[in-house]
Structure formats: C-alpha cells, structure tokens
Amino acid sequence: MRSRFLVVVLSLAVAVGVSGCGAESPVVPVAAKPMAGAAPVVREGAPLKDPAELVSRNGVLRARIVVERRKVDVAGRMLWALTYNGRYMPPTLRIRPGDRLELAMENRLGKYTNLHVHGLNVSPSGHADNIFVHIRPGQTFHYSYGYLKSLRPGTYWYHSHADPMSAPQVAGGLSGIIVVEGLKRYLPPALRGITEHVIALKDFQVQGDSVKTSPLHIGAPTNRTVNGQLNPTIRIRPGETQLWRLANISANIYYKVQLAGQQFQVIAQDGYPVDRVYAADTLLIAAGARFDVLVRGGAPGRTLLRTLAYNTGPAGDAFPQATLATLVSAGAPMHPAALPSAFAPRVDLSRATPAARRTLVFSENQAGTEFYINGRQYDPNRVDVRSRLNTVEEWTVRNDSDEEHSFHVHVDHFQVLSVNGRPVHGHGLVDTTNVPARGSLVLRIRFSDYTGRTVLHCHILNHEDAGMMAVLEIVK
C-alpha cells in the first residue's frame, strides 16, 4: 500500500491553527502499542455518553456555533483540537420535518471555514447549504435553512466544507450529528419508546499534544472513537431492542462494522427510511455514510462492536480491525418485541424515463496527489454538470483508479441500480455510496424542490481537497 497524503494540505497548519505546537511527533494511537500484526488493545471504557442536544421548539431551532481551536478532552486526553462550541464531540442538532434552523456560526480560527448539512434536502443557495460561502476569521455568518415537511427522518451530519481545507478541518474535529425526528413512527407501538444512541464514528491521529490535521496520511495508525470515547460501554437488557444511529463522520477512513454474533436490523440508510427492514452481519460504512439500525440484547455478557479489517485497493489504504465499543447485556430480561418487516413507502426510480444520461469518471495521478472527475480538477467558477429541476437522470460513475472512492451528491438522494454490471435491489435512496476500484456503478437521481449551484465529490476528503469534486448546477 502506498502512503498517501495531500501536498495541498502541507501549508495548512497555520490555516487551521496548528502552528506553534512544536516539532512533529510520531503519529501513535492513544491505545497501548500492540504486538506486531495484532489489532490495537483498547481497554473497556466508561459508559457511552450521547452528545448534548440542541432541539427545535415550536418549529424553529435557533443555535449558535463557535468554531475555535481549544485544548479539550479527546478520548480521555487533553489535546488541542478544532471544536464546535468547545467540544470535540459537538452537540447533536435535532429537528423535525417542516422546521426552520437559524444558526449563527462564529469563526475564531485563523482561516476561513463554513458549514455543510450533509444529506439534507435543502436549498444550496444564499444563507442555506451554500458550500461556496467563506466565513473569514472573526466573522459570524447567519445560516437560515427552511426544511420541507417531506424531509425524510433519519440521521444526517454537519461538518466543514472549506475546500481545500475540508480534510484537515474535519480531521481536527469539525463534525457533528443531525437527527431528523420521525423515524420511530414507522416502528410498531411496542418499539416507539425504545432507547436510542448516537454512535458517531470519529477518528484522530496525535501530533505532540494536538489532534493531527496535516499532512494527513489516511492509512496511518489512528484512534477510532464512538462519540469521542475509546471503547465505551453500552448497556442493554437481555431481550431489549435499541435504536443505534451509526454515522461515519470521519474525514477519510472506512468502517466495516460488526457486532460479534448478532445482526443489525437496518431501518434507514443515509437519512432515508427503508421500504423493508433487512438484517446484516456487517455494514460497510464508507466515508460520510450512515445507517440507522435496531440492536437486540442477547444473553447476559459482553459483546464487542468492532470495525473489521478493510482494504480499499492496491493504491488505497489497509484499515486494521479495531474495537469500537463494548455492548454489556445485563439486568432483568425483557420479552423481545416483534421486529417490523415492511417499513416506509417505497421510492423506485428504476422505471422513470431519464432526461439525460451522463458518465462521471474518477481518476488520479500515479503519485496519488492529484484527483480528477472527467479529467478535471475542481474549479468553483466552472459548472461541470447542469441538470433540470423535476427531472430524473441516469449517471454511470466509473472508477479508473486502483482504490475505492466514496461518491456523494449534495441536495438530492439517488438510487443505485447496479454495481459492476450486477443489479442492486436496494431498499431506499442514499446520498453516499462506495465505488469499487477499477469498477463502476449506475444510479438514477431525481432533482426535486431546489435549484442552484452545489457539488458532487468523493467523500474521502483528502481526495476532495486534491481536486475530486465537480460543480453541479440545478436549473429550472
């Protein structure tokens, strides 16, 4: 595997506030150093802490987020990190379909930043999900989002989209969770009051007394956390069913999640409720993706939530197995509630007539320092794809590189029809999907509700920052 990093982020230490932290120290995980070839040994940690919440009231969520570099608790160590409201694991924004979100963002970093509400169907223009905004040091920008009542319930997230600094800013800590209420209404009555947990997957590397931001080697040893904790314990009663919101809000890495000896019951993906609940032994969570799942407590004892070893290809990265959390089943047993099968209304774009067919080709140079879509690097002043509102298009996404890429489109979800020529019978729409090395996929996307300029890109943010992004304009 080749070590990969971005030349472009080498100059960003001052930009994201990591200058003055002394000579570079070796990147080592917080966990004890394992024997050669073994997975890191992580001791069982404290009880899982769900993030603090900012909750909408009477149809409006008014919030203020301060972006700054602070020394904070990161997985039990005091480290300099990039924070929202002084926390490495910032507050969860909890809204309902039809709400408004009025958010003031104050920038106390040494370089510009901005905000992207990942996966949400919202305007990409003006003071809404406009990733072309630059919030300069010392400025406060007032975001205003109006969400339709048709907004799908599920798990989303928010993070910096300040290109070409997205990777260092998100790796430094600038990512958090958004929950759109309403998912439990699809559950049978016996499950509507169940316990739910945010399982936010964030990783960090260490440089001296700081969370490392540049240069970012994707495959370097890293610390995998849940809600900013190392191997927290999650308590459940035998027979109890819980709702877990699994979200990969890291900058670059993949997770292949397994709960040893148990299955996940998937009820939503990328904030989109499935039409039928399905069981999965493992879930590949590409960079930026999310799954909402039901988990049932087994016999009394401990079960490891792990990410399994995963390799993204000859030019990619080999991620080792690691423990994420420990599920502790204890206490008075509960009678297991019946799990649902049919779930949300089905949305199927496979029978729509495409207004256009396009091919998007992902590629990179041999050194792995420049990345392209259709042979071009990102230029915010150039429109690469122009699509019409209220139409469906069919896109073939072809990967001409020797590593996998995480494909993401802003504003609208899409349906994957096939991967490497094999039909995919999914259970809903997604906003992020994995593209195999030297492979391809076919998708259909409907442009609904909003016009404006936005982007599509690889959500491995090192790749995005080095050019693997294109401007999409939706017109009437």
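Is A247 buried or exposed? In this predicted model, A247 is buried, with a relative accessible area of 0%, where buried means under 20% relative accessible area, exposed over 50% and partly exposed in between (1.4 Å probe, protein chains only). Residues are numbered from 1 along each chain as its sequence is written, and side-chain values use heavy atoms, with hydrogens and water left out. As the model is predicted, local features need pLDDT of at least 70 and side-chain atom pairs count only at pLDDT 80 or more, while totals for chains, interfaces and linings use all residues.

A247 belongs to strand β15 (residues 241-248); strands are DSSP runs of E of at least two residues, numbered from the N terminus. Not counting residues up to four places away in sequence, A247 touches T155, I177, I199, A200, L201, A289 and R290, a contact being heavy atoms within 4.5 Å. The C-alpha atom of A247 is separated by 25 Å from that of P215, 32 residues apart along the chain.

Ten aromatic pairs are present in the structure. Rings of Phe, Tyr and Trp (its six-membered ring) pair if their centres lie within 6.5 Å; planes under 30 degrees apart count as stacked, over 60 as edge-to-face and the rest as tilted. Y254 and Y310 form a stacked pair, at 5.9 Å centre to centre and with 10° between the planes. Because Y254 lies in the loop between β15 and β16 (255-259) and Y310 in strand β22 (residues 310-311), the pair ties together parts that are 56 residues apart in sequence. Y254 is buried at 2% relative accessibility, and Y310 is buried at 15%. Elsewhere, ring pairs link F141, Y143, Y145 and Y147 into a cluster.

Charges also sit over rings, as defined by NZ of Lys or CZ of Arg within 6 Å of the ring centre and within 35 degrees of the ring normal. The charged end of K202 is placed over the ring of Y88, 4.2 Å from its centre, and that of R453 over the ring of F132, 4.3 Å from its centre.

How values were computed
Helices (H or I, at least four residues) and strands (E, at least two) are DSSP runs, numbered from the N terminus.
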